Amino acid sequence: MTASQSALQGTTPGKPKLAFRPLPVPQVDARGFWGDRVDAVATRTAGILYDRCVEARMLEQIDPDRPSPGVVIPFHSPSPDEAATAGNEFTGSTVTTQMFWDSDWGKTIETAAYSLYRRRNDALEKKIDAVIDMYGKLQQPDGYLSSWYQRIQPGLRWTNLRDCHELYCAGHLIEGAVAYYQATGKRKLLDIMCRYADHIAETFGPEPGKKKGYCGHEEIELALVKLARVTGQQKYMDLAKYFIDQRGLEPHYFDEEARARGADPKAYHFKTYEYSQSHKPVREQDKVVGHAVRAMYLYSGMADIATEYGDDSLRVALDRLWDDLTTKNLYVTGGIGPSSHNEGFTADYDLPNETAYAETCASVGLVFWASRMLGMGPNARYADMMERALYNGSISGLSLDGSLFFYENPLESRGKHNRWKWHRCPCCPPNIGRMVASIGSYFYGLSDDALAVHLYGNSTARFDIAGTQIELTQASNYPWDGTVSIGVEPEAPTTFTLHLRLPAWCRKAALKVNGEAVDLDDVTSDGYAAIRREWHKGDQVELDLEMAVDRLYANPEVRQDIGRVALARGPLIYCVEETDNAGQLHRIALPRTANIEAHKQPNLLGGVVTLSALARKEAFESWDNGLYRTEPPAVEEAKVTAVPYFAWDNRDPGEMLVWLRDS
Ligand SMILES: [Zn+2]
C-alpha cells in the first residue's frame, strides 16, 4: 500500500471510527454501467472541465502573475449586497466573473483527481499542477485564500458570509486538495488548504474575539470533515462541528454582519434565512427549506458530525428532515427543488414537471447526504434513495459521451430543453463529474467486521477486515438485470458479516451462499440481508433480484401527477421521447391493462433496456379547425417506447415526458 493509499483510509485519531466507512475510490474498479460512465468522465469530462474553466477566463482571476480581470477591464464593481441581488454576477464589457469560481476550480481539480485513478493523464495532471501553483502564489502570508476577495473586491474579506460564498469556495478547494493528494500523493494543495483552514480556525470559533459566523452556502462543514480524516487533525473536525452548531442561533449572525457593513438586514434578496437553512438552529429544523443544494450540503455535514461525535440529537433532526424530503418534496427521479426562484423547495407536494428546476447539483447533493446516512449503518431507507438519485436525477445531468450538461432536470419538455456546453454558473458539470468519477466510494460501507453492499454492478473491490486482504467481485449486468454473483476471495479464512441490500423495488428476492438457499426472512433487517460466516477463498453468493416493470403513481396531493403514471424497472425511471414516439406526447394514455414489455437494446444509447406497450392516443386528424366542440376526439392505438430517463436528450432534440396519462 502506498503512502497516498494509506492516507485514504482516513481515520481520526482519538475518535470512534465511523460505523461504516466508504471504500476509497481506487479500491473499487467499476465496470459495466458505471465503468462506462467513469470512462466517459476520465477520458472526456475531466479535460473538458479544465478547458471550459480556462475559456471562461477563470485562470485570469486566480493567477497573480496576470492582471486581475477586475483591474484591467473596467466594469462596475458592486457592493456585496448589490452582488447578491444581481445573482452574484458582474458583467463588464468583455468579462463576466463570478465570486464562486474558486469552487469550480475545486470541483474541477477533484474530478481530475478521481479521473487520474482511472487512467493516468500526464497532460491533465500538469495543467492541474499549474493551477495549484497559482493558488500557492495567490495565498496570503496569513493563509487567507480567495481569488474573489483578493483580486476583485480586495479589503472586504469576511464582510458578507451570507451572500458571497467565501467559506463555500474554501470548502470545495479543500475537497479538491484531499482528492488530489490521494490520487497523486502530491501535498502542495493539501498544505495550502491546511494553512487556509488554520486561518479560518483562527478567525471563527467560540473563543472570545473570534467571529461567530458560518457560510451562507454550506459546504465548508463536510469539507473540513474530509480534511480532518485525511490529516488526523481534530481541530478541523471541531471547526466543522462549530459551524453546524452555530447555524441559526440568535442574535443572527447575518443580521449583525449586514449592520456592520452598513446594510439593512431586511433588504435581503431572498427575504428569509430559510434560503440558507439558517432560520433556526439545525437541531430544531423539521422541514427541508430553501436552496436545495445548500440544504443537501448542510445535511451531509450534519450526518458526518452525527457519526463522528455519536450525536443523536443531530441524527433525530436528520431523520425528520429525511422524512419530510422523501414523503413530500421529492421528484420520482430523485430530483429535488422545484423552483428556479430560490433554486429550491417551495410547498409540500409542489412538484411541477415541465418547470421543474431539479438542479443536477441538488440530486448529487442528495447522493452525498444519503451516502453519509449509511455511515451510521446499512439501511435501505437511505440506500434506495441514493440509488434512485444516482441512476436518474443526477446522471441525467451528463450526456452519455461526457461532453454536455444539464443544469435543470425537468420531467417534461416540449423539445426546447437541451444539453449545453457550459453555463454562466457552471456548478453542475464538475459536480456530476466528481460524483461519477468517485462512484466506487458509494458501492460499499466497511466496518471493523462487516461489509455492506449498497450498490450492485460489475466491479471488483479490495479491502481489509481484521488485517486480512479480501477481494470481492460482483458479476452482474445490473441495472439491466437483477442477477448478481458475488465472489469472495479472502487471503485467509475470515469471519465477517456481508450485508446485502434488498431494494424496495424488488418484490421477490432469492439468496444462495455456495449453492445453499438462505431464508431471507431470517436474516433481513432494515432492508439488508446479513450473512455472517467464516468466508473462504472461492465462496460464492448468488443474489437474484426480480426486476419487474412497475407502474408508479404519485400521492394524489401532487396535483401535477394526478391521473398519471410513471414507468420504472429496477432502479431506473423511464420517460418517453419524441424520437421514439412521433411527438405529441401529451396525447398518449397508458391503459392499466397494457402489457409492458422490456427489450434489451445493445445498440441504443450505449446499451439500454427499453419498455414498450400498446397505448392510446388522441388522433390528430380527427379534430376540425375549431378549438372546442361537443364531440370527444377519436382515439387510436399507438405503440409507445420508453427509455431510461437518465439517457434522454442524447439523440435528436424533441419532446420528453415522464408522467404519462393513466387510463
Ligand atoms: Zn449546479
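The model is predicted, so local features need pLDDT of at least 70, side-chain atom pairs count only at pLDDT 80 or more, and totals for chains, interfaces and linings use all residues. Residues are numbered from 1 along each chain as its sequence is written, and side-chain values use heavy atoms, leaving out hydrogens and water.

Q: Which residues are called the protein donors of the zinc ion?
A: Donors are N, O and S atoms within 2.8 Å of the metal (3.2 Å for Na, K and Ca); water is not among the atoms, so sites may look incomplete. E359 (OE), C361 (SG), C427 (SG) and C428 (SG) lie 2.0 to 2.3 Å from the zinc ion, so they are its protein donors.

Q: What makes the arrangement around the zinc ion tetrahedral?
A: Four donors count as tetrahedral if all angles lie between 85 and 135 degrees. Here the 4 donor atoms subtend angles of 94 to 120 degrees, so the arrangement is tetrahedral.

Q: Why does E359 count as buried?
A: Buried means under 20% relative accessible area (exposed is over 50%, partly exposed in between; 1.4 Å probe, protein chains only). E359 has 3% relative accessibility, so it counts as buried.

Q: What are the values for C427 and C428, and what do we conclude?
A: C427 has a relative accessible area of 9%, so it is buried. C428, at 1%, is therefore buried too.

Q: How many disulfides are counted?
A: A disulfide is a pair of cysteine sulfur atoms within 2.5 Å. By this rule the count is 0.

Technical notes
Four donors count as tetrahedral if all angles lie between 85 and 135 degrees; four count as square planar and six as octahedral if opposite donors are over 155 degrees apart and all others between 65 and 115; anything else is irregular.
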